[in-house]
Amino acid sequence: MRNYRKGLRFGALMSTIVLLLVVTACGNSNSNNSVNSAAESSAAPTTEVAASTAPTAAPEELPKEIRIGYQVSPNGELLAKALGLLEKKYPDVKISWLKFDSGRDVNVAIASGGIDFGLLGTPPGASGVAQGLPDQIYYIHDVIGKSETLVVKQTSGINTLQDLAGHKIATTFGSTSHFSLLSALKQENIDPSTITILDMQAPDIVAAWQRGDIDGAYTWQPSQSKLVEDGGKVIISSADVAAKGGITGEFGVVHNDFIAKYPNVVKGYISVLDEAVKYYRDHASEAAAALSEELGLTPEATLQAMNEIIVLDASQQTSAEYMGTPEQPGAFGQLLKDTGDFLVEQKSITDSPDLSVYQKALRSDLYPVN
C-alpha cells in the first residue's frame with residue numbers, strides 16, 4: 001500500500017550524508033515536560049518486587065516508574081501510548097510519557113538521566129553513539145518516507161530546489177528533516193549558504209509560518225500537514241531524498257543503567273511495541289482514530305501520515321537490512337557510521353568512531369522476545 005516504500009532499504013546505504021548536530025546543553029525549554037521535571041520526579045529507578053503467581057519461579061524485579069521520552073510521530077510507539085498498552089502490561093508500575101520536540105532534546109535527557117527510554121532520528125542517534133552517550137539502541141521504529149517534506153508557501157514563487165536561493169527556510173537543526181534538507185541540496189549541487197536556513201522546533205515552525213516570517217520549512221508530521229492546509233505545497237519529500245541515498249529513520253534508545261538493571265522490562269516494552277505495530281497494520285482505521293488526538297489531525301489526515309512511513313515489528317529488527325544479529329551485524333550500523341562520518345565532515349562532532357562502535361550500540365541480542 002505504500003509503493004514509494006519499496007525503494008527504501010537500509011541495505012542501499014547512502015554514500016553522501018549531510019547534517020549538523022550537537023548535543024547542546026540548552027535543555028528542553030520547548031518540551032511539554034521538561035527534562036528537569038522528569039529528573040526531579042524520578043532521578044533514578046527504584047525497585048519493588050512484584051507478586052509471582054508461579055510458586056517455583058523467582059520474583060521478577062520491576063521499577064517503580066518507567067520514563068519514556070517520546071516524540072509526536074505517527075508510529076507504533078505513539079500508538080502504544082494512545083492505547084495504553086504499556087500501562088496494561090505493567091499495571092503496578094507508574095508509566096510517565098514525557099514529550100520532546102526533537103532528538104537533540106532527547107539526547108540531553110538521556111545524558112542527564114532524566115528518561116529511561118527515548119526516540120531519536122538517525123542523525124541525533126548517530127551523534128549520541130559517537131559522543132558516547134549512556135544509551136543503547138533496542139528497537140528501530142520506522143523508516144521515514146513522505147512524512148517529512150519541504151513545504152513552501154504557494155505565493156513564494158518557489159517551484160524547485162533551485163528557487164530556494166534568497167528565501168527563508170526553517171527546519172530543526174540536528175534532526176532528520178535538517179539532514180534531508182541538506183542532503184537534497186547536496187544532491188542538486190546547491191550551496192546552502194545561498195538560503196537563509198533557520199533553526200526552529202516544529203511547533204515554532206507552524207507559528208512562524210502563520211506570522212509570515214518564513215517562506216517554507218522542511219519538517220515532519222503533524223506540522224507538515226498543518227503547513228499544507230494553510231496554503232503550502234510540497235517541493236520534495238524524504239522519500240525522494242532517500243531514493244538518492246539520503247535515508248533517514250527513527251529508533252528507540254534505552255539508558256545503560258535501566259537495561260542493566262531491568263533487561264526483561266526492556267524485552268517487555270519491545271513486545272508492547274510489536275503489539276502496537278501489528279495493530280497499526282491490521283486495524284489501520286482504528287489506529288488512525290486513536291492516533292488522531294495525539295497528532296492533532298483528523299483521522300483521515302492521520303491515516304495518510306501513517307501511510308508515509310514504514311513501521312517495523314519485532315521480527316524485522318534482526319534482518320540483514322536492519323540490526324542484524326550479534327554474529328552478523330546488519331546494515332543499520334553502517335548507516336549510523338556513515339551518518340556519524342558526515343557529522344564530522346560538517347564539524348558538528350569532532351570524531352566518528354569505528355563501525356564496530358556503532359554496531360555494538362545495537363542490542364540485537366534482545367531478540368526474539370516472547
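In the predicted model, Ile 169 is placed opposite Gly 216 of strand S10. This pairing belongs to the join between strand S8 (residues 168-171) and strand S10 (residues 216-219), which is made by two bridges, the strands running parallel. Both strands are part of an open sheet of five strands, arranged in the order S9-S8-S10-S7-S11 with mixed pairing. Strand S9 (196-199) and strand S11 (232-237) form the edges of the sheet, each of them pairing on one side only. From one strand to the next, the twist averages 25°. Helix H7 (residues 202-211) lies across strand S7 (149-153) as well as S8, S10 and S11, and runs at about 160° to S10.

The largest pocket has a volume of about 460 Å³. It is lined by 31 residues, of which Val 72, Ala 202, Trp 220, Gln 221 and Pro 222 are the closest to its centre. Two or more lining residues come from each of strand S6 (135-144), H7, helix H8 (223-229) and helix H12 (284-295). Of the elements, H7 gives the most to this lining, with three residues. When the lining of the largest pocket is divided by class, 13 residues are nonpolar, 11 are polar and seven are charged.

Helix H12, one of the elements that contribute to the pocket lining, also packs against another helix. The packing of two helices is described by the angle between their axes and the distance between those axes. For helix H11 (residues 263-282) and H12, the angle is about 115° and the axes are 5 Å apart. On the side of H11, the contact is made by Tyr 279, Tyr 280, Arg 281 and Asp 282, while H12 provides Ala 284, Glu 286, Ala 287 and Leu 291. The residues of this contact comprise five nonpolar and three charged residues, with no polar ones.

Side chains of opposite charge can pair when their charged atoms come close. The count of salt bridges in the model comes to 10.

Terms used:
Residues numbered from 1 in each chain as written. Predicted model: local features only at pLDDT ≥ 70, side-chain atom pairs only at ≥ 80, totals over all residues. Heavy atoms only, no water. Pairing = 2+ DSSP bridges. Helix = DSSP H or I, 4+ residues; strand = E, 2+ residues; numbered from the N terminus. Axes fitted to C-alpha atoms, helices over the stretch in contact; angles between N-to-C directions. Contact = heavy atoms within 4.5 Å. 1 Å grid on protein atoms, 1.4 Å probe; cavity = no way out; pocket = protein on both sides within 12 Å on 5 of 7 lines; lining within 4 Å. Points joined across faces, edges and corners; volume = space filled by probe spheres on them. Nonpolar A, V, L, I, M, F, W, Y, C, P; charged D, E, K, R; others polar. Salt bridge = Lys/Arg side-chain N within 4 Å of Asp/Glu carboxyl O.
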